[in-house]
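Please read them with the structure open.

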Amino acid sequence: MSVPTLYPEDERLTRGERVVFNLYIITALVVFVLMMLFGLVMRMAQGTWLSLPPTLFYQIMTAHGAGTVGTMGLASSAVMWFFLRKYVRLNLWAFLTNYVLFTLGALAILAAVFIGGYAGAWTFLYPLPVHSMGEWTVHAAVLFMLGYIAIGVGFLLFYLDAMAGVIRVYGNLGRALGLQWLFGGEIDPVHPKTVVASTMVIITNSIGTLAGAVVLVMSIINAYFPELALNALLAKNLIYLFGHTFINATIYMGVIAVYELLPRYSGRPYGISRPFLWAWAASTVMVLSVYPHHLLMDYVMPHWMLVMGQIVSYASGLPVFVVTAYGALTNVYRCGIRWRMPAKLMMLSMYGWAAGIVPAIIDATIRINEVMHNTQWVPGHFHFYLLLGVLPMILALMFHVIAGRAQSLADATTDKLSFPIYAVGGLAFAVALLAAGHVSAPRRYAVHLPQWVPYDQASSIAAILVIAAMLLFTGRIIAGLLRAPAHVDPAHPAG
Amino acid sequence: MILQNEIWLITLLGLAAVTLGFIFVIAQAGKPTDSNRVQNTANAIRRWWFLALVVFGIGVTWATLKPFPIPDQHTPLKAAQVVNVVAHQWAWQLSRNQLEAGVPVEFRVTSADVNHGFAIYAPDERIVIQTQAMPGFTNKLLYTFRQPGTYRIRCLEYCGLEHHAMMAELEVVAAARGDQS
Ligand code: HEM
Ligand SMILES: [Cu+2]
Ligand SMILES: [Cu+2]
């Protein structure tokens with residue numbers, strides 16, 4: 001098995017592909033910066049460094065939650081598309097339609113929040129969207145949900161197109177996942193990890209998105225026909241099945257960048273193996289069955305489901321600790337790597353993922369959830385693996401792509417500065433949130449008690465570091481993407 | 001030790017272990033060596049590592065689920081003190097707010113409008129227990145206060161504009177003499 005070159009021929013983008021890819025990436029980066037600024041504003045308001053009326057705080061919180069989760073989905077689906085198109089035929093129109101629907105949905109969400117005043121949080125937990133005590137109208141809530149539906153339809157289209165492509169090449173989804181090799185047989189050594197991971201995401205996120213669509217449609221009907229009340233517990237189950245699956249899918253799409261790129265930078269083959277196939281087959285089942293860990297404090301839930309939530313949460317750690325992060329570490333151990341930006345970001349992403357699930361798994365213990373649920377512990381653990389895990393995966397691909405276009409692999413001087421600032425700032429930010437959870441500071445509070453304020457202030461400073469680094473990243477990447485190496489590209493997308 | 005401090009300690013240890021693992025590998029990443037040897041050693045270690053994690057996980061699962069931390073919702077709890085709790089946007093309605101320490105209390109928690117979170121904060125401002133307040137359902141929570149003092153109820157499920165201001169107090173007094181059951 002040979003190690004591929006840094007920039008294989010089959011990854012070259014056609015002109016049309018490059019335009020759409022650039023649209024995805026530039027949109028995602030700009031939205032991330034904006035959302036991080038929203039985050040900083042919230043943190044400074046909690047830390048009494050900024051005066052923000054609670055109405056506006058909760059609107060910003062809603063926009064930040066929906067905006068970051070959606071954009072993470074958008075950016076990580078660009079990672080999946082970038083690599084999956086080498087193995088199966090993907091239609092550019094499906095990828096582009098996803099972008100267009102996403103943009104329309106995002107505009108609807110922004111209008112619902114900042115014009116309509118909707119502040120029911122990204123989780124639209126029934127019946128809050130239609131029961132705001134006069135804070136916003138049902139029309140604003142419905143507009144928000146229509147925005148979600150537009151985004152969901154776009155993703156479903158992208159996944160269906162990918163599913164069709166995968167089935168054309170591999171016959172069915174099970175064979176694409178490599179299920180035929182779980183219990184024996186000679187594993188095809190060139191079966192792409194990208195196909196395995198993509199297939200898992202296609203299956204799970206289609207189901208998750210459909211669950212979201214069902215509860216969204218039910219909620220919209222209920223908004224206009226209140227006599228058709230929903231069962232609040234059922235709605236909550238569907239919402240968390242959707243929300244959990246969607247945000248987790250971003251990790252599973254993002255990690256494709258590591259599978260593809262890490263061996264090119266380490267210079268060492270990163271082959272497929274039976275544990276790898278087991279990890280992905282198990283994750284397919286687990287990501288769909290783990291969501292009850294969001295409902296551990298709903299004592300009326302069937303208790304077997306809560307036990308399942310705890311046990312599957314524990315088990316979800318195994319693929320990461322035993323296969324993905326472990327495999328990545330094995331791949332770079334004494335490989336003689338040269339630390340360029342993509343390699344650094346990939347290592348950070350593996351660290352952020354592996355470390356970030358430690359507090360997550362601990363909180364999935366029912367006995368512990370009784371004192372940690374909905375405290376700042378929760379944003380603590382998910383910012384840990386989103387900020388230090390998923391985002392670096394996406395950034396790694398970006399830096400890889402722009403280095404190829406610049407025809408100079410060396411890091412810019414700014415990269416030597418921005419990377420450590422980002423890593424240190426992100427770590428400090430996440431740990432400060434966890435520490436606030438340790439002292440029982442609630443999440444989603446516009447106003448904090450004096451004893452929680454020091455944590456807010458510390459993490460505001462950390463957030464400023466993250467944003468400074470992110471601005472440097474964004475400038476570098478956008479400049480790099482708009483530079484066309486071989487032939488001039490007049491249709492550059494930033495306008 | 002306070003549960004939160006135990007959790008914090010375990011988390012920091014876990015984070016430190018992951019961090020050290022990464023530092024160890026990254027520190028060695030610059031010197032090249034034979035790939036096959038690394039792969040074989042790593043595979044051998046992986047088996048034990050997997051087994052260790054599984055055994056540890058099963059042990060922790062057992063230890064934390066037995067006894068089951070949530071009371072059975074279908075049988076009467078027979079607690080000597082009962083508090084009916086109804087959450088509203090944005091206030092708590094409690095059938096009583098004077099309780100005795102050392103005697104089990106059953107909280108029957110529901111909501112009149114949207115989802116709320118019923119969390120009990122001890123006088124030292126640490127959460128001691130919580131459950132959800134959901135419209136159409138009643139969650140039954142069982143808790144025995146150890147220390148007398150003023151406990152606070154805070155809302156831990158986002159419920160709209162005044163979510164952060166939704167607070168009530170519970171007075172827990174020392175158990176009356178002869179009532180040490
Ligand atoms: C500098 C970067 C960031 C800062 C300063 C920041 C700050 C915040 C703050 C203050 C909250 C509310 C915490 C609370 O409940 O009290 C929050 C919530 C949240 N953040 Fe971030 N964040 C950042 C980056 C991100 C990123 C990159 C993502 C995801 C990709 C993300 C996803 C979320 C989500 C999903 C919520 C939950 C919103 C809710 O509770 O409804 N954040 N963030
Ligand atoms: Cu409330
Ligand atoms: Cu609330």
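1. Donors here are N, O and S atoms within 2.8 Å of the metal (3.2 Å for Na, K and Ca); water is not among the atoms, so sites may look incomplete.

2. This is a predicted model, in which local features need pLDDT of at least 70 and side-chain atom pairs count only at pLDDT 80 or more, while totals for chains, interfaces and linings use all residues; side-chain values use heavy atoms, with hydrogens and water left out. Residues are numbered from 1 along each chain as its sequence is written, with chains lettered from A and ligands numbered from 1 in the order in which they are written.

3. His116(B), in strand S5 of chain B, and Cys155(B), in strand S8 of chain B, are 39 residues apart, and the pair links distant parts of the chain. Helices (H or I, at least four residues) and strands (E, at least two) are DSSP runs, numbered from the N terminus. Both His116(B) and Cys155(B) are buried, where buried means under 20% relative accessible area, exposed over 50%, and partly exposed in between (1.4 Å probe, protein chains only).

4. S5(B) (residues 116-121) and S8(B) (residues 149-155) run antiparallel, joined by 4 bridges; two strands pair if DSSP finds at least two bridges between them. Phe118(B) stands opposite Cys155(B) of S8(B). S8(B) is also joined to strand S9 (residues 167-173) of chain B, by 6 bridges and again antiparallel. There, Gly149(B) has Val172(B) in S9(B) as its bridge partner.

5. Which protein donors hold the iron atom of ligand 1? They are His64(A) and His383(A), each through NE2, and they lie 2.0 Å from the iron atom. The site has 6 donor atoms with angles of 87 to 179° among them and is octahedral. His64(A) lies in helix H2 (residues 54-84) of chain A and His383(A) in helix H12 (residues 377-406) of chain A, so the pair ties together parts 319 residues apart in sequence. His64(A) counts as buried because its relative accessibility is 15%; His383(A), at 18%, counts as buried too.

6. The shell around ligand 1 holds 23 residues, of which Gln46(A), His64(A), His383(A), Arg443(A) and Arg444(A) come nearest; a residue is near a molecule or strand if one of its heavy atoms lies within 4 Å of it. H1 (15-46), H2, H12 and H14 (453-482) of chain A each supply at least two residues of this shell, and H1(A) gives the largest share, 6 residues. By type there are 13 nonpolar, 7 polar and 3 charged residues. Ala, Val, Leu, Ile, Met, Phe, Trp, Tyr, Cys and Pro count as nonpolar, Asp, Glu, Lys and Arg as charged, and the others, Gly among them, as polar.

7. Two contacts involve oxygen atoms of ligand 1. A polar side-chain atom of Gln376(A) lies 3.0 Å from one oxygen atom, and a polar backbone atom of Arg444(A) is 2.6 Å from an oxygen atom.

8. Some backbone details deserve a check by eye. The peptide bond joining Tyr126(A) and Pro127(A) is cis, with omega about 0°, and Pro127(A) sits in the loop between helix H3 (92-114) and helix H4 (138-170) of chain A. The bond from Gln89(B) to Trp90(B) is also cis, with omega near -5°. Trp90(B) is in the loop between strand S1 (81-88) and strand S2 (91-94) of chain B.

9. Asn374(A), a residue other than glycine, has a positive phi, near 55°. Asn374(A) lies in the loop between helix H11 (366-372) and H12 of chain A and is buried, at 5% relative accessible area.

Definitions and conventions
Four donors count as tetrahedral if all angles lie between 85 and 135 degrees; four count as square planar and six as octahedral if opposite donors are over 155 degrees apart and all others between 65 and 115; anything else is irregular. A polar contact is a pair of N or O atoms within 3.5 Å; within protein, one must be able to donate a hydrogen and the other to accept it, and residues adjacent in sequence count only if both atoms are side-chain atoms.
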